[in-house]
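This briefing looks at charged side-chain pairs and at one further residue beside them. Please keep the sequence and the model in view while reading.

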Amino acid sequence: MSNTNIPLVLQGLRLPIISAPMFIVSYPDLVLAQCKAGIVGSFPALNARSPEVLDEWLSKIKEELKQFHLANPGVKVGPIAVNQIVHASNTRLEQDMRTCVKHRVPVYITSLRAPIKEIIDAVHSYGGIVLHDVINIRHAEKALEAGVDGLILVAAGAGGHAGTLSPFALVGEVRKMYQGPIALSGSISTGQAVLAALAMGADFAYIGTRFIASQEAHANVEYKQAIVNAQAADIVYTDYFTGIHGNYIQQSIINSGLDPKNLPAIQSKQLDLNASPKPSKDKSEAKAWKDIWGAGQGVGLIEDAPNVAQIVDRLEREFLQAKINLELQ
């Protein structure tokens, strides 16, 4: 890795990949499989039903990874990352942070608002790091002013809440002002795309949608199959479901009784992760993430739902072959 500013915890990965923490999808089985495959495994704290369950999850993940490492001393094991929603709607933030600090979680991914100094100081007290996801330069500047250790650039085409800037523009402009760790998110489904992210100036690829279509993902069969079936043109970018623009699979919107090409205008920009849009009268209520499925524009390159180990093996082969192809040119 060429960037000498990469924190120690993110060095020595099998591939420069950080998995995206996905609401109601990233559960311990997926995180464990990602870490055992040698990449950063992550999950949102809010996926655990309570702080007590979060405590149980972290204990389980830490112990299983410890035993796996002891049994496989030569295998690269990635660190875990926990996503914290830094927003007034997250009433569990303070308690969840205490739980994560107790377990000395090595990597935090903060979202929606830059973390406050108290959070960063608590993480830094034992050597942890904070990465913050941003969709534009203004958000990047605010996060850096707050003292985060790295940025996740959520460019056009990313699954879930995403921005509209081209990755070329976003990475290039951030690199002009910041030389620390950068992860790039947006339609990265192949090893070739991972290499492209590095070529643009990022240090890591941030991958979510590819792992929804995996055996370990906590997503129903219909969701996984919808990703396999979808093309980029089937992704709808709208703020209707949560008040913040995001990318969703068109078929899931249709299934809820809504017309994806004629979604009603929302009345409020207030974030609601569990928002319930109003479907047609002959349909039951649908909820964002559970029924309205988030996914990025990279779905067109996803053709199966194998296990995580097979996905990472494939990404590695594609990544290495892409490097060879470039060297031969």
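In this predicted model, the side chains of Lys 60 and Asp 29 meet in a salt bridge with an N to O distance of 3.9 Å, a salt bridge being a side-chain nitrogen of Lys or Arg within 4 Å of a carboxyl oxygen of Asp or Glu. This pair links distant parts of the chain, since Lys 60 lies in helix 2 (residues 51-71) and Asp 29 in helix 1 (residues 28-36), 31 residues apart. Helices (H or I, at least four residues) and strands (E, at least two) are DSSP runs, numbered from the N terminus. Side chains of opposite charge can pair when their charged atoms come close.

Basis of the values
- Because the model is predicted, local features need pLDDT of at least 70 and side-chain atom pairs count only at pLDDT 80 or more, whereas totals for chains, interfaces and linings use all residues.
- Residues are numbered from 1 along each chain as its sequence is written, and side-chain values use heavy atoms, with hydrogens and water left out.

Salt bridges
- A search of the whole structure finds 11 salt bridges, and one of them joins the side chains of Arg 14 and Asp 313 at 2.5 Å, N to O.
- Arg 14 lies in the segment before strand 1 (17-19) and Asp 313 in helix 11 (residues 308-328), so the pair ties together parts that are 299 residues apart in sequence.
- Arg 14 and Asp 313 also belong, with Glu 316, to a network of salt bridges.
- The side chains of Arg 98 and Glu 94 meet in a salt bridge of 3.3 Å, N to O, and these residues are separated by about one helical turn because they are 4 residues apart in helix 3 (residues 93-102).

Exposure of the paired residues
- Lys 60 is partly exposed, with a relative accessible area of 39%, and Asp 29 is partly exposed at 48%, where buried means under 20% relative accessible area, exposed over 50%, and partly exposed in between (1.4 Å probe, protein chains only).
- Arg 14 is partly exposed at 26%, as is Asp 313 at 31%.
- Arg 98 is partly exposed at 49%, whereas Glu 94 is exposed at 60%.

Surroundings of Pro 28
- Pro 28 lies in helix 1 and is buried, with a relative accessible area of 7%.
- Not counting residues up to four places away in sequence, Pro 28 touches Trp 57, Lys 60 and Ile 61, contact meaning heavy atoms within 4.5 Å.
- The C-alpha atoms of Pro 28 and Ala 217 are separated by 9.2 Å, although the two residues are 189 residues apart along the chain.
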